[in-house]
Amino acid sequence: MSATCSARVRDTLLSVDNLRSIALFIVAAIAEIGGAWLVWQGVREHRGWIWIGAGVIALGIYGFVATLQPDANFGRILAAYGGIFVAGSLAWGMVMDGFRPDRYDAIGALVCLAGVAVIMYAPRPA
């Protein structure tokens, strides 16, 4: 890969839109995974309707945050978010529930994140 091509790829990956997109994916992951976890806690762990209601609100926030992505293609955003959700869910389980992923969980999450990078941030013609 030439130096010019490398610089173009780097500049594309580090653009303001891409950094904003990554931040929005993180916020969306916290809202969706957190919302699902709250509903789970409310139902499966018998913590009550307040937990369930908070989860439903968080899930609604997730739906709104997804609309703020710079890319206007719904299918692309949701497909890429799937990879974020996989990796984020494993991380959430580690932090909130003491889940210990094995190497296959880690490999799978990395494959998903590579898919996100290709889907969202590969250089495309204007």
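A crossing is left-handed if the near helix is turned anticlockwise from the far one by less than a right angle, and right-handed if clockwise. This is a predicted model, in which local features need pLDDT of at least 70, side-chain atom pairs count only at pLDDT 80 or more, and totals for chains, interfaces and linings use all residues. Residues are numbered from 1 along each chain as its sequence is written, and side-chain values use heavy atoms, without hydrogens and water.

**View 1. Helices α2 and α4 cross.** The crossing of α2 and α4 is right-handed. Their axes come within 9 Å and cross at roughly 55°. Axes are lines fitted to C-alpha atoms, for helices over the stretch in contact, and angles run from 0 to 180 degrees between N-to-C directions. α2 and α4 are therefore oblique to each other. (Under 35 degrees counts as roughly parallel, over 145 as roughly antiparallel, 65 to 115 as roughly perpendicular, the rest as oblique.) Helices (H or I, at least four residues) are DSSP runs, numbered from the N terminus.

**View 2. Helices α2 and α3 pass each other.** The axes of α2 and α3 cross at roughly 160° and come within 7 Å. That makes α2 roughly antiparallel to α3. The crossing of α2 past α3 is left-handed. Their contact has 18 nonpolar, four polar and one charged residues. (Ala, Val, Leu, Ile, Met, Phe, Trp, Tyr, Cys and Pro count as nonpolar; Asp, Glu, Lys and Arg as charged; the others, Gly among them, as polar.)

**View 3. A cavity is lined by residues of α2, α3 and α4.** A search of the whole structure finds one cavity of 30 Å³ or more. The largest cavity has a volume of about 30 Å³. On a 1 Å grid over the protein atoms alone, a cavity is a set of points where a 1.4 Å probe fits but cannot get out; lining residues have an atom within 4 Å of a point. Its lining includes Leu-24, Phe-25, Tyr-62, Gln-69 and Tyr-81. By class, the lining has eight nonpolar residues, one polar and no charged.

**View 4. The largest pocket holds about 290 Å³ of space.** A pocket is an open set of points with protein on both sides within 12 Å along at least five of seven lines. Of the 14 residues that line it, Asp-17, Asn-18, Asp-71, Met-120 and Tyr-121 are the closest to its centre. α2 gives the most to this lining, with three residues. The lining of the largest pocket divides into five nonpolar, five polar and four charged residues.

**View 5. Two annotated spans.** The unreviewed UniProt entry lists transmembrane regions that include residues 74-92 and 104-122; such annotations may be inferred rather than shown by experiment. Residues 74-92 are 100% helix, with end C-alpha atoms 25 Å apart. Residues 104-122 are 95% helix, with end C-alpha atoms 26 Å apart.

Notes. Helix = DSSP H or I, 4+ residues; strand = E, 2+ residues; numbered from the N terminus. Points joined across faces, edges and corners; volume = space filled by probe spheres on them.
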